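Please have the model open as you read.

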Amino acid sequence: AIGPDERVVVADVDGAVCGFASAAVVPFFHDGSRRLRLTAVAVTPSHRGRGVARSLIAALETWGRERGCSLVEVTSAERRVDAHAAYRALGFEDAPRRFTRRL
């Protein structure tokens with residue numbers, strides 16, 4: 001189940017799912033802002049390069065703006081070079097540094 005600050009959108013062609021994206025609104029308490037964090041973006045290989053990811057992300061950005069988000073962010077593993085190129089083509093800028101630790 002997803003909460004009120006989370007959203008999933010799906011793209012289909014002729015009733016077959018060809019992509020999806022999900023996001024969450026994240027508050028940043030130090031400056032009072034809200035960010036839209038893309039948590040997943042996936043498009044089937046046969047539909048890549050057709051604007052599917054662009055449309056999915058645009059829908060999530062509209063939803064995020066309606067909830068007061070002023071920035072959209074996405075993280076991607078270093079090895080996902082093709083995804084990085086796609087994000088850059090969509091206007092995302094590199095913002096390296098992410099630290100994680102398993103719970």
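1. Strand β4 is the top contributor to the lining of the largest pocket, giving four residues. Strands here are DSSP runs of E with at least two residues, and helices are runs of H or I with at least four, numbered from the N terminus. The pocket holds about 790 Å³ of space, and its lining has 20 residues, with V74, T75, S76, A95 and P96 nearest the centre. Two or more lining residues come from each of β3 (33-43), β4 (71-74) and α2 (81-89).

2. A word on terms: a pocket is an open set of points on a 1 Å grid over the protein atoms alone, where a 1.4 Å probe fits, with protein on both sides within 12 Å along at least five of seven lines; lining residues have an atom within 4 Å of a point. This is a predicted model, where local features need pLDDT of at least 70 and side-chain atom pairs count only at pLDDT 80 or more, while totals for chains, interfaces and linings use all residues. Residues are numbered from 1 along each chain as its sequence is written, and side-chain values use heavy atoms, leaving out hydrogens and water.

3. Do look at the second largest pocket, with about 480 Å³ of space. Its lining counts 19 residues, and V43, R48, A53, A83 and A86 are the closest to the centre. Helix α2 supplies the largest share, five residues.

4. H47 sits in the loop between β3 and α1. H47 is buried, at 16% relative accessible area (buried is under 20%, exposed over 50%, partly exposed in between, with a 1.4 Å probe and protein chains only). Apart from neighbours within four places in sequence, H47 touches V13, C18 and V52 (contact means heavy atoms within 4.5 Å).

5. The whole structure has five salt bridges, each a side-chain nitrogen of Lys or Arg within 4 Å of a carboxyl oxygen of Asp or Glu. One of them joins R34 and D5 at 3.8 Å, N to O. R34 is in strand β3 and D5 in the segment before β1 (6-13), so this pair ties together parts 29 residues apart in sequence.

6. R37 and E73 pair at 2.4 Å, N to O, linking strands β3 and β4 across 36 residues. R37 is partly exposed at 34%, whereas E73 is buried at 18%.

7. Finally, R88 bridges to D94, with the closest N and O atoms 3.2 Å apart. R88 is partly exposed at 43%, and D94 is exposed at 58%.

Definitions and conventions. Grid points are joined across faces, edges and corners, and a volume is the space filled by probe spheres set on the points.
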